[in-house]
Each structure stands twice: as structure tokens, then as C-alpha cells.
Amino acid sequence: MPALLRRKLLVLLATVALALAAAGAALAANGGFAPPPPHSPNAHRINDAYYVILGFTAAIFLLVEAALVVFVLRYRSRGRARADEGYQLYGHTRTELIWTVIPVVILALIGSFVFYKLPGIEHIPAASASNPQLHITVEGRQFYWQFTYPNGAVSIDRMHVPVGETVVLEVISRDVNHSWWIPELGGKWDAIPGHPNRTWFRVDKPGTYTGQCAELCGLQHAAMLAWVVAEPRDRYEQWVNQRAQASARLELGKEEAQGVCAKCHYFRQSEGTLVGPNLATNTRLTDIKGLTPLLRNGGIRMPAVGAYWTDAQIQALVAYFKQQNGGTSGG
Ligand code: CUA
């Protein structure tokens, strides 16, 4: 074997070994190759479609790459003159039929499977005595998620739901496009101004599920995280009833401060400046007359984060700042 070829073969082997080792490691830790484990019927169906497509494409990839390697080695020129033509294949009807029919069949199989799964992903299960529906409004807003529950309770960034029940989400926006996405609980649904979208999930296991706004919506898009807390019905009810009461306003205020204000502002002098000015010494936070227009209309670069807030929401935020500051600083 010529030295040059041997060296090339060694490089090839080393590359393949490295790729295999990396693939093994990535696969073991699910390094982005596979979707997270599904915890809602629609998410299950999305995963099924993912794995069917992955199966076909992985098989095709291996087949093509293996054939490529075999052909490169087996039919290399072996010192033949550069201008020499290789063997040519013309009008071989059977081969042409095979390489046309097989891809058509594969595409038809993938397409049929996806269309078979699609209604179960998209269609919201009908409400019945054994399968009640809970409706929650999900509003995407620069740069937080606001959830409104049937009894009027509000939460920011963290949605509470009962486990095992169909939750119907009305996904809306009144500023720019956002996209609601909790990978373990189903697909992405865009929050588009003037065009409410509806989606759903039914969480099969108590826990906290993390998501992220999936539509570039401005400077702090990356900070637009969301969590769905799924708990047994009685604990959900306890939470939602309590949250609807005026006595929960410090809790709500804290969520607003952390989920809305803190996306762009730091509250401690030592932390410096984030997107907006540092608010450690800002006296407006505890002055409802000064703060309200800022929340309602926005500032120079600040979005009108509280344009559609209830008065109670604004009062909750100010009450929280008052409690935090106690006349001095903090946060
Ligand atoms: Cu909202 Cu990105």
C-alpha cells in the first residue's frame, strides 16, 4: 500500500472513530438529537412522527454513506489516465424504476404516518364529564408570559395546572409575535397580534416543565422562559383560589417584579446595568402615580409592559416594591 494512501486511510479511520465516539456521547446524554420525553398526548404523537422520520432518514444516510465509501475504495482510478471515462450506464429501465419507486414509497409512508398522527396533535379533545376542560389565556408580551385563569387569577411566567386534565390554551399577543413552546407538552404555537391561537395539553405526570418563547421578539427574547407546574387537582385549586384573592398581591407583585421588570433591570447597585437602567435607587418603584404611566405607556426604550394590566396588578407590583425597599434599597 503506498504511503500516501496509508496516511489518508489512517486519517479517515481516526475521523470516523472520533465521530462515532462523539455520537455515542451525545446520544447517551440526549445531546440535542432527540426531543425530550413527552408528557402530554400531543407531545407523544409529535415524538412518534419524529422517530419514524428519524428511522427512515438514518437508514438512508447509512446506506448512502456506506455505498459512497465502498465505491470510492472499490472503483478508484488505480493509476488510470485522468481523461479516461469510467463505465457509463444508459437507459437501464429497471434501475431507473427502482430508484424512482423506492423514494416515492418512502415519502408516501412518512406522509401517511404524519397525517394519521396530525389530528391527535391539533384537535383539542372534547370536554366530557370524565374529561373536563380548563381554559387558560396565555399572553406573550415583551418579555414575559402572562397566564389568566377562569377565576381571574393571574400569574407571570409560571403556569399552574392540574395533572391529568385537558388544559385548553388561548394563545394571544397584543404587541409582537411570540411563540409558546413547552417541548414536553406539545408543539409550538405562535402568539400573533389579532389572531388568537388555540392549543392544549394534558400533563401525565406531576412536575415542572420548562419552555421558551420560540419567536425572536426583541432584545430580551432569550429571557422569555416559561414553566408549567402540574400538580394534583386539589393543590391546583388551592393555589388558584388563593391567587385570586387580594391577600395574594405580594406574591403576584413578586412574580411581576421578577418576570417583567427584572428581565431588563437590575435591582441592586452592585449588579450594574442590564438592558435598562439600574433601579436600586429609583424612587418611582414605590410611587404608584409615577409608575402607572410608565407601565401603561412604556418609556423611551421600555415596552408598555403593563398596558393591559388590571389596576390590581399595578397595585400588587407597587406593594411588592414597598415591602422590598422598606424606604431604603434592596431587591
Ligand atoms: Cu417572546 Cu421571543
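This is a predicted model: local features need pLDDT of at least 70, side-chain atom pairs count only at pLDDT 80 or more; totals for chains, interfaces and linings use all residues.
Local features are given where pLDDT is at least 70, side-chain atom pairs count only at pLDDT 80 or more, and totals for chains, interfaces and linings use all residues. Residues are numbered from 1 along each chain as its sequence is written, and side-chain values use heavy atoms, with hydrogens and water left out.

Helices (H or I, at least four residues) and strands (E, at least two) are DSSP runs numbered from the N terminus.

| Residue | Backbone feature | Loop |
|---|---|---|
| F143 | cis peptide bond from Q142, omega near 5 degrees | between strand 1 (133–141) and strand 2 (144–148) |
| D157 | positive phi of about 65 degrees | between strand 3 (154–156) and strand 4 (158–162) |

D157 is not a glycine, and at 6% relative accessibility D157 counts as buried (under 20% relative accessible area, with a 1.4 Å probe and protein chains only).

The axes of helix 4 (residues 233–243) and helix 5 (residues 249–259), which are lines fitted to C-alpha atoms over the stretch in contact, come within 9 Å and cross at roughly 90 degrees. The two helices are therefore roughly perpendicular, a term for angles of 65 to 115 degrees.

A nonpolar core is a set of buried Ala, Val, Leu, Ile, Met, Phe, Trp, Tyr and Cys residues joined through side-chain atoms within 4.5 Å. In the largest core, which has 30 residues, M159 and W180 touch the most other members. A second, separate core of 18 residues includes V260, L279, L295 and Y320.

Note on methods
Buried means under 20% relative accessible area, exposed over 50%, partly exposed in between (1.4 Å probe, protein chains only). Axes are lines fitted to C-alpha atoms, for helices over the stretch in contact, and angles run from 0 to 180 degrees between N-to-C directions. Angles under 35 degrees count as roughly parallel, over 145 as roughly antiparallel, 65 to 115 as roughly perpendicular and the rest as oblique.
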